[in-house]
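Here is a two-chain model to read with the structure open beside you. Take each question slowly, then check the answer.

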Amino acid sequence: MAFAWLKNKAKPASAPKNADKGLLVFDNTSEVIRAEGLLKRGGWSIRVMGPPPEIRTGCDLVIEFPLIEKLDILRALEEAKLTPLSAVPVSGPLLEPVNLFQVKDFGQHLMVRAANMKLTIDKRSLIIVNISGGGCPDVPYLADQLVGKLLTEAPSPRRIGHTLCGYALELAYQEMRRRC
Amino acid sequence: MLTVVGTVPQVDFPLLEGVVSAEAGGIAIAGRRLEAKRGTPALLAAALAAAQALGEIEVRAFLVGDVGLGDGSRKLYRHLTEVLPHRDCAVLTFHYLQPDVDWHNRVLFAVEEMAVRPLLVADAGFMYAAKMSGQAGAYDLFTPDAGELAFLADERAPHPFYTRGFILQDEEGAPELIARAYLHDNAARHLLVKGRVDRMADQDGVWASVSEPSHPALEAIGGTGDTLTGMVSALLAAGLEMRPACLLAAKANRLAGDLAQPDPATQVAEIIAHIPRALAALGQGHRPAGGE
């Protein structure tokens, strides 16, 4: 029973219920119902619920979804023309995605960091030479697909990624394209 | 024995459990070869390189294919809940897995049922889930990078993508972020923070820093954090105490990077090849043939 303390340990106040979940906010309940059907058919674990008081837009129903899969879910909804008004974390519906970029110029190479993801290119050839950071399983996959390719020809992380790390890499990718 | 739990970026890679062996430029498990590009294969390659230098340490792994859909991770989580109570190892390291609080908690309860508690190390996606679950204190070591430390320090962030701007500061603020992570119970008992300066800390604060040799290019190279986590896991499995293991791993990781004479286009496999020489230079293990 070396871990007996673990079962009895009260969750700290910093661990809100459903901390890894997000909320999809739609304009009207008809969209909620259609989105619910689409996502359930797609195999995602979701549920329809009332919105928390912090959310002041949209209708009186929201969809709770696995936040880590935001990129994948938003892509599925957009393809079905069901783009939500917003997709926010349950732990803080007013939290905004990181929008600060850190740029490092190594001379021949340029690195852009967005949140926990870094993308580096060779400035002369515009070839993506490295991707680092991140902890979701699509990061090694995205690196396999992007490293060694021209920035202008590589698939965008938004198209082939699935998670919030993929989303962060998309921001770094877009910022790099804007700069080059 | 070291056991590593992680994923492979291949859709059709089956769930495998077994002994991992070193191969040129990669690893092998159950007859399948994987390149040590980054992610869990890079962690395992670094652990094996360290194990080779230190002597007889068996390295085992639970691996599954997952490209970010989470399907492989969930299959592996289910498997772990079934088999972990019947396994034993000195160190259990969790790595690139789809963060999922519910499955994280079930896996942690399966760990509780193991006959002897292993040292628990978490990095990458599983560390995110550990923090979000409120159970970070159940772990012996987290190995975040600067961005991930900011995430641990932000008690409201559900993922590094949502870390609040006022927390995303320069690395110089790392000691404050470490204190904040402990204040809100969002850190493991020990932290090994990877960065321009590697910092080792516990709830009393930073107890050591390693900043040399220094190569800014290492920040751009994918997998250099994975190699550090792999090395410290192997050193712990070899019987080193937490503090010397963290310190040696940080020094050896930087030295291996230095020996590779890196630029931002260097690939991590080039650095892993220098780990045995780096450890030998630090007085651990034998100097590889052909060493200077």
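The questions below go through each chain, then the place where the chains meet.

Q: How many helices and strands does chain A have?
A: This is a predicted model. From the N terminus, the elements of chain A run α-β-α-β-β-α-β-β-β-β-β-α-α-α. The secondary structure comes to 6 helices and 8 strands.

Q: What percentage of the residues in chain A is buried?
A: The C-alpha atoms of chain A fill a box of roughly 50 × 50 × 30 Å along the principal axes. A residue counts as buried if 20 or more other C-beta atoms lie within 10 Å of its own. Of the 180 residues in chain A, the buried share is 46%.

Q: Among contacts in chain A between residues at least 6 apart in sequence, what percentage joins residues at least 24 apart?
A: Start with the contacts between residues at least 6 apart in the sequence of chain A. Then keep those that join residues at least 24 apart. Their share is 58%.

Q: Which residues of helix H3 of chain A are buried?
A: Helix H3 of chain A covers residues 70-79. Its buried residues are covered by elements of chain A including strand E1 (21-25), helix H2 (29-41), strand E3 (62-66), strand E4 (86-89), helix H5 (157-160) and H6. The buried residues themselves are Lys70(A), Leu71(A), Asp72(A), Ile73(A) and Leu77(A).

Q: Is Lys81(A) buried or exposed?
A: Lys81(A) follows H3(A) and lies in the loop between H3 and E4 of chain A. Its phi is positive, about 55°, although it is not a glycine. Lys81(A) has 8 other C-beta atoms within 10 Å. The limit for this class is 12 or fewer, so Lys81(A) is exposed.

Q: By class, which residues make the contact of H4(A) with H6(A)?
A: The crossing of these two helices, H4(A) and H6(A), is right-handed. H4(A) brings Asp138(A), Val139(A) and Leu142(A), while H6(A) brings Cys165(A), Gly166(A) and Leu169(A). By class, this contact has 4 nonpolar, 1 polar and 1 charged residues.

Q: What is the radius of gyration of chain B?
A: Chain B has 10 helices and 11 strands. Its C-alpha trace spans about 50 × 45 × 35 Å along the principal axes. With 292 residues, a compact globule would have a radius of gyration near 19 Å. The value for chain B agrees with that: 18 Å.

Q: What percentage of the residues in chain B is buried?
A: Chain B has 292 residues. In its contacts with a separation of 6 or more, residues 24 or more positions apart account for 70%. The buried share of the residues in chain B is 61%.

Q: Which residues does the cis peptide bond in chain B join?
A: Most peptide bonds are trans. In chain B, the loop between strand E11 (205-210) and helix H7 (224-237) holds Pro213(B). Omega is about -10° for the cis bond between Glu212(B) and Pro213(B).

Q: Is Ala124(B) buried or exposed?
A: Ala124(B) lies in helix H4 of chain B. Its phi is near 55°, a positive value in a residue other than glycine. There are 33 other C-beta atoms within 10 Å, and 20 or more are needed, so Ala124(B) is buried.

Q: Are H3(B) and H4(B) roughly parallel or roughly perpendicular?
A: Val101(B), His104(B) and Asn105(B) in H3(B) meet residues of H4(B), among them Phe126(B) and Ala129(B). The axes of H3(B) and H4(B) come within 9 Å and cross at roughly 90°. That makes the two helices roughly perpendicular.

Q: Which helix supplies the largest share of the side of chain B that touches chain A?
A: In all, 53 residues of chain B are in contact with 49 residues of chain A. On the chain B side, H3 (101-112), H4 (124-133) and H5 (146-153) each supply at least two residues. The largest share, 7 residues, comes from H4(B).

Notes:
Residues are numbered from 1 along each chain as its sequence is written. Chains are lettered from A and ligands numbered from 1 in the order in which they are written. This is a predicted model: local features need pLDDT of at least 70, side-chain atom pairs count only at pLDDT 80 or more; totals for chains, interfaces and linings use all residues. Two residues are in contact if their C-beta atoms, placed from the backbone, lie within 7 Å. Helices (H or I, at least four residues) and strands (E, at least two) are DSSP runs, numbered from the N terminus. A crossing is left-handed if the near helix is turned anticlockwise from the far one by less than a right angle, and right-handed if clockwise. Ala, Val, Leu, Ile, Met, Phe, Trp, Tyr, Cys and Pro count as nonpolar, Asp, Glu, Lys and Arg as charged, and the others, Gly among them, as polar. The radius of gyration is taken over C-alpha atoms; the globule rule is 2.2 Å times the number of residues to the power 0.38. Axes are lines fitted to C-alpha atoms, for helices over the stretch in contact, and angles run from 0 to 180 degrees between N-to-C directions. Angles under 35 degrees count as roughly parallel, over 145 as roughly antiparallel, 65 to 115 as roughly perpendicular and the rest as oblique.
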